[in-house]
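Subject: Structure for your files

Hello,

Here is the structure I said I would pass on.

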Amino acid sequence: MNTTRKILLGDEALALGAINAGLSGVYAYPGTPSTEITEFIQGNTLAKERRIHSHWSSNEKTAMEEALGMSFCGKRSMVCMKHVGMNVCADPFVNSAFTGANGGLIVVAADDPSMHSSQNEQDSRFYSDFAFIPTLEPSNQQEAYDMAAYGFELSERFRTPVMMRLVTRLSHSRAVVDTADTAQEERPLSYPADTDQWVLMPGNSKRRYPVVLKQWEDLEEEAENSPFNSYTDAPDHSLGIIASGIAYNYLMENFPQGCPFPVVKISQYPLPRKMLRRLYNECDHIMVIEEGQPFIEQKIRGILCDDCNISGRFDGKLPRIGELNPDCVRAALGLEPLETLPASEKVVRRPPALCQGCGHRDVYHALNDVLAQYPDSKVFGDIGCYTLGWLAPFNAIDTVVDMGASITMAKGAADAGQHPAVAVIGDSTFTHSGMTGLLDAINENSPITVIISDNLTTGMTGGQDSQGTGKLEDICLGLGADPAHVRTIDSLPKNHQAMMDMFKEEIDYPGLSVIVSRRECIQTARRHAKKA
(Lines give C-alpha, C1' and ligand atoms only; values in the text may rest on other atoms or scores of the structure.)
Protein backbone atom coordinates (compact mmCIF):
# COMPACT_ATOMS: atom_id res chain seq x y z
CA MET A 1 0.00 0.00 0.00
CA ASN A 2 1.36 3.42 -0.99
CA THR A 3 1.63 5.97 1.78
CA THR A 4 2.17 9.71 2.12
CA ARG A 5 3.82 11.40 5.08
CA LYS A 6 1.86 14.30 6.54
CA ILE A 7 2.32 16.58 9.53
CA LEU A 8 -0.93 16.32 11.52
CA LEU A 9 -2.45 17.22 14.84
CA GLY A 10 -3.53 14.20 16.84
CA ASP A 11 -7.14 15.22 16.18
CA GLU A 12 -6.44 15.49 12.44
CA ALA A 13 -4.65 12.14 12.35
CA LEU A 14 -7.65 10.41 13.90
CA ALA A 15 -10.05 12.22 11.56
CA LEU A 16 -8.06 11.27 8.44
CA GLY A 17 -7.71 7.70 9.69
CA ALA A 18 -11.50 7.50 10.07
CA ILE A 19 -12.11 8.89 6.57
CA ASN A 20 -9.63 6.44 5.06
CA ALA A 21 -11.29 3.60 6.99
CA GLY A 22 -14.65 4.16 5.27
CA LEU A 23 -16.35 6.62 7.63
CA SER A 24 -19.91 7.57 6.71
CA GLY A 25 -20.69 10.12 9.41
CA VAL A 26 -19.20 12.11 12.27
CA TYR A 27 -21.44 13.58 14.97
CA ALA A 28 -20.20 16.07 17.54
CA TYR A 29 -20.76 19.17 19.62
CA PRO A 30 -17.69 21.46 19.58
CA GLY A 31 -15.55 21.26 22.70
CA THR A 32 -11.82 21.72 23.25
CA PRO A 33 -9.73 19.62 22.67
CA SER A 34 -11.95 17.57 20.31
CA THR A 35 -13.26 20.25 17.93
CA GLU A 36 -10.60 19.88 15.24
CA ILE A 37 -11.64 16.27 14.50
CA THR A 38 -14.97 17.31 13.02
CA GLU A 39 -13.56 20.49 11.46
CA PHE A 40 -10.94 18.44 9.60
CA ILE A 41 -13.62 16.14 8.21
CA GLN A 42 -15.75 19.15 7.21
CA GLY A 43 -12.84 20.51 5.16
CA ASN A 44 -11.53 17.23 3.71
CA THR A 45 -11.89 16.86 -0.08
CA LEU A 46 -12.77 13.15 -0.06
CA ALA A 47 -15.27 13.67 2.76
CA LYS A 48 -16.98 16.33 0.65
CA GLU A 49 -16.98 14.12 -2.45
CA ARG A 50 -18.50 11.25 -0.49
CA ARG A 51 -20.87 13.60 1.34
CA ILE A 52 -19.79 12.18 4.67
CA HIS A 53 -22.10 13.57 7.34
CA SER A 54 -20.28 16.24 9.37
CA HIS A 55 -22.91 18.75 10.58
CA TRP A 56 -22.71 19.77 14.23
CA SER A 57 -25.22 18.24 16.64
CA SER A 58 -27.18 20.11 19.31
CA ASN A 59 -25.33 18.36 22.13
CA GLU A 60 -23.31 15.25 22.91
CA LYS A 61 -26.37 13.14 23.75
CA THR A 62 -27.98 13.77 20.39
CA ALA A 63 -24.62 13.18 18.68
CA MET A 64 -24.20 9.79 20.40
CA GLU A 65 -27.72 8.72 19.48
CA GLU A 66 -27.33 9.86 15.86
CA ALA A 67 -24.06 7.94 15.49
CA LEU A 68 -25.72 4.90 17.08
CA GLY A 69 -28.53 5.16 14.51
CA MET A 70 -26.01 5.19 11.66
CA SER A 71 -24.29 2.15 13.18
CA PHE A 72 -27.64 0.35 13.36
CA CYS A 73 -27.84 0.73 9.58
CA GLY A 74 -24.44 -0.89 9.07
CA LYS A 75 -22.39 2.24 8.35
CA ARG A 76 -19.19 3.28 10.12
CA SER A 77 -19.78 6.30 12.35
CA MET A 78 -17.89 8.34 14.90
CA VAL A 79 -19.03 10.63 17.72
CA CYS A 80 -16.61 13.18 19.21
CA MET A 81 -16.66 15.24 22.40
CA LYS A 82 -14.54 16.60 25.20
CA HIS A 83 -14.51 14.72 28.48
CA VAL A 84 -17.37 16.62 30.15
CA GLY A 85 -19.46 15.79 27.08
CA MET A 86 -19.37 12.20 28.30
CA ASN A 87 -21.55 13.33 31.19
CA VAL A 88 -24.12 14.64 28.71
CA CYS A 89 -24.15 11.48 26.57
CA ALA A 90 -23.83 9.02 29.46
CA ASP A 91 -27.36 7.63 29.03
CA PRO A 92 -27.02 6.42 25.42
CA PHE A 93 -23.30 5.62 25.85
CA VAL A 94 -23.78 3.23 28.76
CA ASN A 95 -26.83 1.65 27.11
CA SER A 96 -24.97 1.22 23.81
CA ALA A 97 -23.00 -1.64 25.37
CA PHE A 98 -26.33 -3.49 25.57
CA THR A 99 -27.59 -2.52 22.11
CA GLY A 100 -24.16 -3.24 20.68
CA ALA A 101 -23.00 -1.90 17.33
CA ASN A 102 -23.69 -3.05 13.78
CA GLY A 103 -21.54 -0.78 11.64
CA GLY A 104 -18.29 0.20 13.38
CA LEU A 105 -18.86 2.89 16.04
CA ILE A 106 -16.04 4.90 17.66
CA VAL A 107 -16.76 7.23 20.56
CA VAL A 108 -13.97 9.81 20.90
CA ALA A 109 -13.53 11.33 24.37
CA ALA A 110 -10.86 14.05 24.46
CA ASP A 111 -9.79 14.53 28.08
CA ASP A 112 -8.31 17.79 29.33
CA PRO A 113 -5.77 17.19 32.13
CA SER A 114 -4.76 20.47 33.81
CA MET A 115 -8.16 21.91 32.81
CA HIS A 116 -6.87 24.20 30.07
CA SER A 117 -10.46 24.96 29.05
CA SER A 118 -12.65 22.80 31.26
CA GLN A 119 -14.57 22.73 34.54
CA ASN A 120 -12.94 19.55 35.83
CA GLU A 121 -10.23 16.96 35.21
CA GLN A 122 -12.27 13.77 34.92
CA ASP A 123 -10.90 10.67 33.21
CA SER A 124 -13.14 9.07 30.56
CA ARG A 125 -11.64 5.61 31.08
CA PHE A 126 -13.90 5.22 34.11
CA TYR A 127 -16.93 5.60 31.83
CA SER A 128 -15.83 2.92 29.38
CA ASP A 129 -14.88 0.52 32.17
CA PHE A 130 -18.21 1.13 33.89
CA ALA A 131 -20.09 0.52 30.63
CA PHE A 132 -18.08 -2.60 29.54
CA ILE A 133 -16.90 -0.81 26.40
CA PRO A 134 -13.30 -1.36 25.15
CA THR A 135 -10.99 1.64 24.93
CA LEU A 136 -8.11 2.61 22.68
CA GLU A 137 -5.63 5.20 23.97
CA PRO A 138 -3.04 6.28 21.38
CA SER A 139 0.42 7.21 22.57
CA ASN A 140 1.23 9.30 19.48
CA GLN A 141 -0.30 10.74 16.32
CA GLN A 142 0.59 7.71 14.21
CA GLU A 143 -1.33 5.45 16.56
CA ALA A 144 -4.27 7.86 16.50
CA TYR A 145 -4.37 7.43 12.71
CA ASP A 146 -3.89 3.65 12.78
CA MET A 147 -6.37 3.11 15.58
CA ALA A 148 -9.26 4.53 13.56
CA ALA A 149 -9.32 1.57 11.13
CA TYR A 150 -8.45 -0.86 13.93
CA GLY A 151 -11.21 0.57 16.14
CA PHE A 152 -13.89 0.20 13.45
CA GLU A 153 -12.78 -3.38 12.80
CA LEU A 154 -12.75 -4.17 16.53
CA SER A 155 -16.22 -2.64 16.90
CA GLU A 156 -17.65 -4.72 14.06
CA ARG A 157 -15.94 -7.93 15.13
CA PHE A 158 -17.25 -7.73 18.70
CA ARG A 159 -20.45 -5.86 17.79
CA THR A 160 -19.76 -3.18 20.39
CA PRO A 161 -18.95 0.54 20.42
CA VAL A 162 -15.28 1.38 21.02
CA MET A 163 -14.06 4.41 22.95
CA MET A 164 -11.01 6.33 21.72
CA ARG A 165 -9.46 8.35 24.54
CA LEU A 166 -7.32 11.35 23.59
CA VAL A 167 -5.75 14.01 25.82
CA THR A 168 -5.02 17.67 25.12
CA ARG A 169 -1.28 17.28 24.41
CA LEU A 170 -1.91 14.58 21.83
CA SER A 171 -4.93 16.29 20.28
CA HIS A 172 -3.18 19.63 19.86
CA SER A 173 0.40 18.68 19.00
CA ARG A 174 1.71 17.81 15.55
CA ALA A 175 3.84 14.94 14.31
CA VAL A 176 4.71 13.21 11.06
CA VAL A 177 2.16 10.52 10.20
CA ASP A 178 2.31 7.89 7.44
CA THR A 179 -1.12 7.92 5.81
CA ALA A 180 -2.65 5.67 3.17
CA ASP A 181 -3.02 7.06 -0.36
CA THR A 182 -6.31 5.22 -0.84
CA ALA A 183 -9.43 5.01 1.28
CA GLN A 184 -11.73 2.09 1.98
CA GLU A 185 -15.20 2.25 0.51
CA GLU A 186 -18.09 3.10 2.79
CA ARG A 187 -20.07 0.14 4.09
CA PRO A 188 -23.41 -0.66 2.42
CA LEU A 189 -26.69 -0.49 4.28
CA SER A 190 -27.16 -3.59 6.42
CA TYR A 191 -29.13 -4.33 9.55
CA PRO A 192 -28.53 -6.28 12.77
CA ALA A 193 -29.31 -9.98 12.62
CA ASP A 194 -30.87 -9.73 16.09
CA THR A 195 -32.83 -6.52 16.47
CA ASP A 196 -34.26 -7.56 19.86
CA GLN A 197 -31.08 -6.43 21.61
CA TRP A 198 -31.67 -2.92 20.23
CA VAL A 199 -34.97 -2.75 22.12
CA LEU A 200 -33.89 -2.26 25.72
CA MET A 201 -36.97 -3.65 27.39
CA PRO A 202 -36.11 -5.42 30.67
CA GLY A 203 -36.60 -8.88 29.19
CA ASN A 204 -34.22 -8.18 26.32
CA SER A 205 -31.65 -6.50 28.55
CA LYS A 206 -31.64 -9.43 30.99
CA ARG A 207 -30.78 -11.77 28.13
CA ARG A 208 -28.16 -9.38 26.84
CA TYR A 209 -26.28 -8.77 30.12
CA PRO A 210 -24.59 -12.23 30.33
CA VAL A 211 -23.49 -11.79 26.71
CA VAL A 212 -21.89 -8.42 27.54
CA LEU A 213 -20.05 -9.93 30.54
CA LYS A 214 -18.75 -12.87 28.49
CA GLN A 215 -17.71 -10.48 25.73
CA TRP A 216 -15.70 -8.48 28.29
CA GLU A 217 -13.64 -11.62 28.99
CA ASP A 218 -13.02 -12.01 25.26
CA LEU A 219 -12.00 -8.36 25.01
CA GLU A 220 -9.46 -8.90 27.80
CA GLU A 221 -7.90 -11.67 25.72
CA GLU A 222 -7.97 -9.34 22.72
CA ALA A 223 -6.03 -6.73 24.72
CA GLU A 224 -3.36 -9.32 25.54
CA ASN A 225 -2.71 -9.76 21.81
CA SER A 226 -3.29 -6.18 20.73
CA PRO A 227 -0.68 -4.62 18.41
CA PHE A 228 -0.91 -1.52 20.60
CA ASN A 229 -0.10 -3.26 23.90
CA SER A 230 3.34 -4.68 24.54
CA TYR A 231 5.69 -6.16 27.14
CA THR A 232 9.30 -5.05 26.66
CA ASP A 233 11.77 -6.87 28.88
CA ALA A 234 14.98 -5.27 30.16
CA PRO A 235 17.88 -6.31 32.42
CA ASP A 236 17.06 -4.29 35.57
CA HIS A 237 14.10 -5.94 37.33
CA SER A 238 14.30 -3.76 40.41
CA LEU A 239 11.51 -1.74 38.82
CA GLY A 240 8.72 -2.57 36.41
CA ILE A 241 6.89 0.25 34.63
CA ILE A 242 3.33 0.40 33.34
CA ALA A 243 2.86 3.35 30.96
CA SER A 244 -0.31 4.18 29.06
CA GLY A 245 -1.14 6.47 26.16
CA ILE A 246 0.90 9.64 25.84
CA ALA A 247 2.59 8.94 29.19
CA TYR A 248 4.55 6.20 27.38
CA ASN A 249 6.12 8.96 25.28
CA TYR A 250 7.12 10.86 28.41
CA LEU A 251 8.81 7.73 29.73
CA MET A 252 10.72 6.94 26.54
CA GLU A 253 11.83 10.55 26.10
CA ASN A 254 13.90 10.04 29.24
CA PHE A 255 15.45 6.85 27.84
CA PRO A 256 16.35 7.56 24.20
CA GLN A 257 18.63 4.49 24.15
CA GLY A 258 15.94 2.25 25.60
CA CYS A 259 14.41 1.87 29.04
CA PRO A 260 16.57 -0.23 31.41
CA PHE A 261 13.46 -1.53 33.20
CA PRO A 262 10.73 -3.87 31.89
CA VAL A 263 7.81 -1.87 30.48
CA VAL A 264 4.19 -2.77 29.84
CA LYS A 265 2.81 -0.28 27.31
CA ILE A 266 -0.98 -0.03 27.47
CA SER A 267 -3.00 1.56 24.67
CA GLN A 268 -5.93 -0.87 24.57
CA TYR A 269 -8.34 -1.73 27.39
CA PRO A 270 -9.56 -3.78 29.25
CA LEU A 271 -6.21 -4.17 30.94
CA PRO A 272 -3.98 -7.05 29.73
CA ARG A 273 -3.94 -9.02 32.99
CA LYS A 274 -1.35 -11.61 31.90
CA MET A 275 1.19 -8.92 31.02
CA LEU A 276 0.56 -7.16 34.32
CA ARG A 277 0.94 -10.36 36.36
CA ARG A 278 4.17 -11.19 34.56
CA LEU A 279 5.56 -7.72 35.33
CA TYR A 280 4.51 -8.05 38.97
CA ASN A 281 6.07 -11.52 39.32
CA GLU A 282 9.36 -10.53 37.68
CA CYS A 283 9.94 -7.08 39.22
CA ASP A 284 10.55 -5.86 42.77
CA HIS A 285 8.54 -2.68 42.48
CA ILE A 286 5.86 -1.37 40.08
CA MET A 287 5.47 2.21 38.88
CA VAL A 288 2.37 3.33 36.96
CA ILE A 289 2.71 6.32 34.63
CA GLU A 290 -0.64 7.39 33.19
CA GLU A 291 -2.18 10.67 32.08
CA GLY A 292 -5.32 11.63 33.95
CA GLN A 293 -6.57 10.04 37.12
CA PRO A 294 -4.94 6.90 38.63
CA PHE A 295 -7.24 4.52 36.77
CA ILE A 296 -4.70 1.76 36.04
CA GLU A 297 -3.05 2.18 39.42
CA GLN A 298 -6.38 1.61 41.14
CA LYS A 299 -7.39 -1.33 38.93
CA ILE A 300 -4.15 -3.29 39.28
CA ARG A 301 -4.44 -3.39 43.04
CA GLY A 302 -7.44 -5.62 42.46
CA ILE A 303 -5.77 -7.61 39.68
CA LEU A 304 -2.47 -8.14 41.55
CA CYS A 305 -2.83 -7.50 45.28
CA ASP A 306 -4.15 -4.73 47.46
CA ASP A 307 -0.94 -4.14 49.39
CA CYS A 308 1.61 -4.73 46.61
CA ASN A 309 4.53 -2.37 46.08
CA ILE A 310 3.07 0.13 43.59
CA SER A 311 4.00 3.77 42.99
CA GLY A 312 2.25 6.38 40.90
CA ARG A 313 -0.15 9.18 41.53
CA PHE A 314 -1.66 7.78 44.72
CA ASP A 315 1.59 7.81 46.72
CA GLY A 316 2.83 11.15 45.38
CA LYS A 317 5.65 9.84 43.18
CA LEU A 318 3.83 11.56 40.36
CA PRO A 319 1.63 14.64 40.81
CA ARG A 320 -1.97 13.80 41.73
CA ILE A 321 -3.44 16.60 39.62
CA GLY A 322 -2.59 18.21 36.31
CA GLU A 323 -0.76 16.97 33.24
CA LEU A 324 2.32 14.83 33.35
CA ASN A 325 5.44 15.80 31.42
CA PRO A 326 8.88 14.27 30.81
CA ASP A 327 10.38 16.25 33.69
CA CYS A 328 8.02 15.04 36.42
CA VAL A 329 8.36 11.47 35.09
CA ARG A 330 12.12 11.91 35.24
CA ALA A 331 11.92 13.02 38.87
CA ALA A 332 9.69 10.04 39.76
CA LEU A 333 12.31 7.70 38.29
CA GLY A 334 15.01 9.29 40.48
CA LEU A 335 16.96 10.70 37.52
CA GLU A 336 18.90 13.96 37.71
CA PRO A 337 16.92 16.89 36.29
CA LEU A 338 17.95 18.14 32.88
CA GLU A 339 19.40 21.60 32.55
CA THR A 340 16.72 24.10 31.59
CA LEU A 341 16.56 27.81 30.94
CA PRO A 342 15.42 29.87 33.94
CA ALA A 343 11.87 31.16 33.85
CA SER A 344 11.61 34.79 32.82
CA GLU A 345 10.60 37.16 35.56
CA LYS A 346 9.32 39.64 32.99
CA VAL A 347 6.41 37.50 31.80
CA VAL A 348 3.18 38.87 33.24
CA ARG A 349 0.10 36.68 33.52
CA ARG A 350 -2.56 37.68 31.02
CA PRO A 351 -5.93 36.28 32.02
CA PRO A 352 -8.38 35.72 29.18
CA ALA A 353 -10.78 38.54 28.39
CA LEU A 354 -13.80 39.18 26.20
CA CYS A 355 -12.76 40.52 22.80
CA GLN A 356 -12.99 44.25 22.20
CA GLY A 357 -16.21 44.80 20.27
CA CYS A 358 -17.88 41.68 21.73
CA GLY A 359 -21.63 41.97 22.28
CA HIS A 360 -21.35 40.12 25.61
CA ARG A 361 -19.53 43.18 26.95
CA ASP A 362 -22.55 45.38 26.27
CA VAL A 363 -24.87 42.84 27.93
CA TYR A 364 -22.80 42.81 31.13
CA HIS A 365 -22.30 46.57 31.12
CA ALA A 366 -26.07 47.20 30.95
CA LEU A 367 -26.88 44.36 33.37
CA ASN A 368 -24.41 45.61 35.99
CA ASP A 369 -25.80 49.12 35.77
CA VAL A 370 -29.35 47.84 36.29
CA LEU A 371 -28.53 45.40 39.08
CA ALA A 372 -26.80 48.16 41.05
CA GLN A 373 -30.39 49.07 42.00
CA TYR A 374 -30.95 45.60 43.47
CA PRO A 375 -28.46 44.94 46.29
CA ASP A 376 -29.44 41.26 46.67
CA SER A 377 -29.38 40.32 42.98
CA LYS A 378 -27.83 37.05 41.82
CA VAL A 379 -26.74 36.23 38.27
CA PHE A 380 -26.41 32.60 37.22
CA GLY A 381 -23.93 32.12 34.39
CA ASP A 382 -23.21 29.35 31.92
CA ILE A 383 -20.53 27.77 29.73
CA GLY A 384 -19.31 29.90 26.84
CA CYS A 385 -17.25 32.99 26.00
CA TYR A 386 -19.51 34.99 28.28
CA THR A 387 -18.26 32.97 31.26
CA LEU A 388 -15.41 35.51 31.17
CA GLY A 389 -17.94 37.98 32.57
CA TRP A 390 -16.99 36.56 35.97
CA LEU A 391 -13.59 38.22 35.63
CA ALA A 392 -12.73 41.91 35.99
CA PRO A 393 -13.81 44.42 34.94
CA PHE A 394 -17.35 43.03 34.89
CA ASN A 395 -17.47 40.58 37.83
CA ALA A 396 -21.01 40.09 36.64
CA ILE A 397 -21.95 36.46 37.40
CA ASP A 398 -22.16 34.43 40.59
CA THR A 399 -22.21 30.79 39.40
CA VAL A 400 -21.04 28.63 36.49
CA VAL A 401 -21.52 24.86 36.78
CA ASP A 402 -22.32 23.08 33.52
CA MET A 403 -24.01 23.53 30.15
CA GLY A 404 -27.52 24.88 30.67
CA ALA A 405 -27.33 25.23 34.47
CA SER A 406 -27.88 28.99 34.40
CA ILE A 407 -31.63 28.73 33.79
CA THR A 408 -32.32 25.82 36.13
CA MET A 409 -30.21 27.29 38.94
CA ALA A 410 -31.97 30.64 38.55
CA LYS A 411 -35.29 28.81 38.77
CA GLY A 412 -34.20 26.92 41.88
CA ALA A 413 -33.00 30.16 43.46
CA ALA A 414 -36.33 31.81 42.68
CA ASP A 415 -38.12 28.83 44.21
CA ALA A 416 -36.08 29.54 47.35
CA GLY A 417 -37.26 33.17 47.37
CA GLN A 418 -34.33 34.85 45.60
CA HIS A 419 -35.14 38.05 43.70
CA PRO A 420 -33.93 39.10 41.31
CA ALA A 421 -32.66 35.83 39.79
CA VAL A 422 -31.10 36.38 36.38
CA ALA A 423 -29.77 33.70 34.03
CA VAL A 424 -27.23 34.55 31.32
CA ILE A 425 -26.79 31.90 28.63
CA GLY A 426 -25.41 31.85 25.07
CA ASP A 427 -27.31 30.86 21.95
CA SER A 428 -25.41 27.61 21.37
CA THR A 429 -25.55 26.61 25.03
CA PHE A 430 -29.27 27.37 25.08
CA THR A 431 -29.98 24.86 22.31
CA HIS A 432 -27.46 22.42 23.83
CA SER A 433 -29.00 22.17 27.31
CA GLY A 434 -31.01 25.28 28.13
CA MET A 435 -34.34 24.56 26.47
CA THR A 436 -35.51 21.88 28.89
CA GLY A 437 -34.71 24.11 31.87
CA LEU A 438 -36.63 26.95 30.27
CA LEU A 439 -39.63 24.62 29.85
CA ASP A 440 -39.60 24.00 33.62
CA ALA A 441 -39.58 27.73 34.25
CA ILE A 442 -42.36 28.31 31.71
CA ASN A 443 -44.58 25.64 33.26
CA GLU A 444 -44.36 27.35 36.66
CA ASN A 445 -44.08 30.92 35.32
CA SER A 446 -41.02 31.25 37.54
CA PRO A 447 -40.08 34.85 38.37
CA ILE A 448 -36.71 34.79 36.62
CA THR A 449 -35.18 36.80 33.80
CA VAL A 450 -33.35 34.77 31.15
CA ILE A 451 -30.91 36.69 28.95
CA ILE A 452 -29.84 34.76 25.86
CA SER A 453 -26.69 36.55 24.69
CA ASP A 454 -26.81 35.58 21.01
CA ASN A 455 -23.59 36.01 19.02
CA LEU A 456 -24.88 33.87 16.13
CA THR A 457 -22.20 31.19 16.56
CA THR A 458 -20.47 28.80 18.95
CA GLY A 459 -17.82 31.36 19.75
CA MET A 460 -15.79 29.74 22.52
CA THR A 461 -14.56 26.91 20.29
CA GLY A 462 -13.79 28.97 17.21
CA GLY A 463 -17.02 29.99 15.52
CA GLN A 464 -18.83 26.78 14.57
CA ASP A 465 -22.47 26.88 13.46
CA SER A 466 -25.01 27.35 16.23
CA GLN A 467 -28.17 25.28 16.04
CA GLY A 468 -30.38 28.13 17.27
CA THR A 469 -29.34 30.82 14.80
CA GLY A 470 -32.44 32.68 13.64
CA LYS A 471 -34.75 30.48 15.71
CA LEU A 472 -34.31 31.50 19.36
CA GLU A 473 -37.47 33.57 19.75
CA ASP A 474 -39.54 30.95 17.93
CA ILE A 475 -38.11 28.21 20.16
CA CYS A 476 -39.04 30.13 23.31
CA LEU A 477 -42.53 30.83 22.01
CA GLY A 478 -42.93 27.22 20.90
CA LEU A 479 -42.06 26.08 24.42
CA GLY A 480 -44.88 28.23 25.72
CA ALA A 481 -43.24 31.48 26.86
CA ASP A 482 -45.56 34.50 27.06
CA PRO A 483 -45.10 36.44 23.78
CA ALA A 484 -45.34 39.71 25.73
CA HIS A 485 -42.22 38.76 27.64
CA VAL A 486 -40.06 37.32 24.86
CA ARG A 487 -38.14 40.38 23.71
CA THR A 488 -35.23 41.12 21.40
CA ILE A 489 -32.62 43.87 21.34
CA ASP A 490 -29.32 44.47 19.57
CA SER A 491 -26.47 44.46 22.07
CA LEU A 492 -24.72 47.61 20.85
CA PRO A 493 -23.16 50.49 22.83
CA LYS A 494 -25.67 52.92 21.35
CA ASN A 495 -28.50 50.78 22.79
CA HIS A 496 -27.11 50.86 26.34
CA GLN A 497 -30.01 52.81 27.84
CA ALA A 498 -32.60 50.79 25.91
CA MET A 499 -30.99 47.56 27.17
CA MET A 500 -31.06 48.86 30.73
CA ASP A 501 -34.72 49.81 30.43
CA MET A 502 -35.64 46.41 29.01
CA PHE A 503 -33.66 44.50 31.63
CA LYS A 504 -35.30 46.48 34.45
CA GLU A 505 -38.82 46.06 33.08
CA GLU A 506 -38.43 42.30 32.85
CA ILE A 507 -36.68 41.94 36.22
CA ASP A 508 -39.64 43.76 37.80
CA TYR A 509 -42.13 41.50 36.01
CA PRO A 510 -43.28 38.81 38.51
CA GLY A 511 -42.97 35.90 36.11
CA LEU A 512 -40.75 34.36 33.44
CA SER A 513 -39.24 36.63 30.83
CA VAL A 514 -36.72 35.96 28.06
CA ILE A 515 -34.56 38.64 26.45
CA VAL A 516 -32.60 37.77 23.33
CA SER A 517 -29.72 40.22 23.14
CA ARG A 518 -28.17 39.80 19.71
CA ARG A 519 -24.94 40.84 18.06
CA GLU A 520 -22.68 38.76 15.80
CA CYS A 521 -19.40 37.56 17.27
CA ILE A 522 -16.70 40.07 16.37
CA GLN A 523 -14.39 37.25 15.22
CA THR A 524 -16.88 35.66 12.82
CA ALA A 525 -17.97 39.13 11.64
CA ARG A 526 -14.37 39.87 10.65
CA ARG A 527 -14.13 36.51 8.90
CA HIS A 528 -17.34 37.11 6.97
CA ALA A 529 -16.26 40.63 6.03
CA LYS A 530 -12.91 39.37 4.78
CA LYS A 531 -14.60 36.63 2.74
CA ALA A 532 -17.04 39.16 1.26
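**Aromatic rings**

Ring pairs join Phe-98, Phe-132, Tyr-209 and Trp-216 into a cluster. Rings of Phe, Tyr and Trp (its six-membered ring) are paired here if their centres lie within 6.5 Å, with planes under 30 degrees apart called stacked, over 60 edge-to-face and the rest tilted. Please keep in mind that this is a predicted model: local features need pLDDT of at least 70, side-chain atom pairs count only at pLDDT 80 or more, and totals for chains, interfaces and linings use all residues. Residues are numbered from 1 along each chain as its sequence is written, and side-chain values use heavy atoms, with hydrogens and water left out.

By the ring rule there are ten aromatic pairs. One of them is Phe-72 with Trp-198, edge-to-face at 5.0 Å centre to centre and 80° between the planes. Phe-72 belongs to helix H4 (residues 60–72) and Trp-198 to the loop between strand S7 (174–180) and helix H10 (202–224), so this pair ties together parts that are 126 residues apart in sequence. Helices (H or I, at least four residues) and strands (E, at least two) are DSSP runs, numbered from the N terminus. Phe-72 is partly exposed at 26% relative accessibility, while Trp-198 is buried at 18%; buried means under 20% relative accessible area, exposed over 50% and partly exposed in between (1.4 Å probe, protein chains only).

Phe-126 and Phe-295 also make an edge-to-face pair, 5.1 Å centre to centre with 90° between the planes. Phe-126 is in helix H7 (residues 125–131) and Phe-295 in helix H13 (residues 295–303), so the parts tied together are 169 residues apart in sequence. Phe-126 is partly exposed at 29% relative accessibility, and Phe-295 is buried at 4%.

**Glu-143 and Lys-265**

Glu-143 lies in helix H8 (residues 141–158) and is buried, with 12% relative accessibility. The Glu-143 side chain makes a polar contact with the side chain of Lys-265 at 2.9 Å and reaches the backbone nitrogen of Ser-139 at 2.8 Å. A polar contact is a pair of N or O atoms within 3.5 Å; within protein, one must be able to donate a hydrogen and the other to accept it, and residues adjacent in sequence count only if both atoms are side-chain atoms. Lys-265 also lies over the face of Tyr-248, 5.7 Å from the ring centre (the rule asks for NZ of Lys or CZ of Arg within 6 Å of the ring centre and within 35 degrees of the ring normal). Arg-278 is placed over the face of Tyr-231 at 3.7 Å from the ring centre.

**Helix H18**

In H18 (residues 472–479), Leu-472, Glu-473, Ile-475 and Cys-476 are buried. Viewed down the H18 axis, the buried residues fall within an arc of 160°, so they line one face of the helix; the arc is that of the directions from the helix axis to the C-beta atoms. The face turned away from the buried side carries the exposed residues Asp-474 and Gly-478. Just after H18, Gly-480 has a positive phi of about 110°.

**A sheet**

Five strands form an open sheet of mixed pairing, in the order S8-S10-S9-S12-S13. Strands count as paired if DSSP finds at least two bridges between them. S8 (230–232) and S13 (310–311) are the edge strands, each pairing on one side only. S9 (residues 240–244) and S10 (residues 263–266) pair in the parallel sense over four bridges.

Regards
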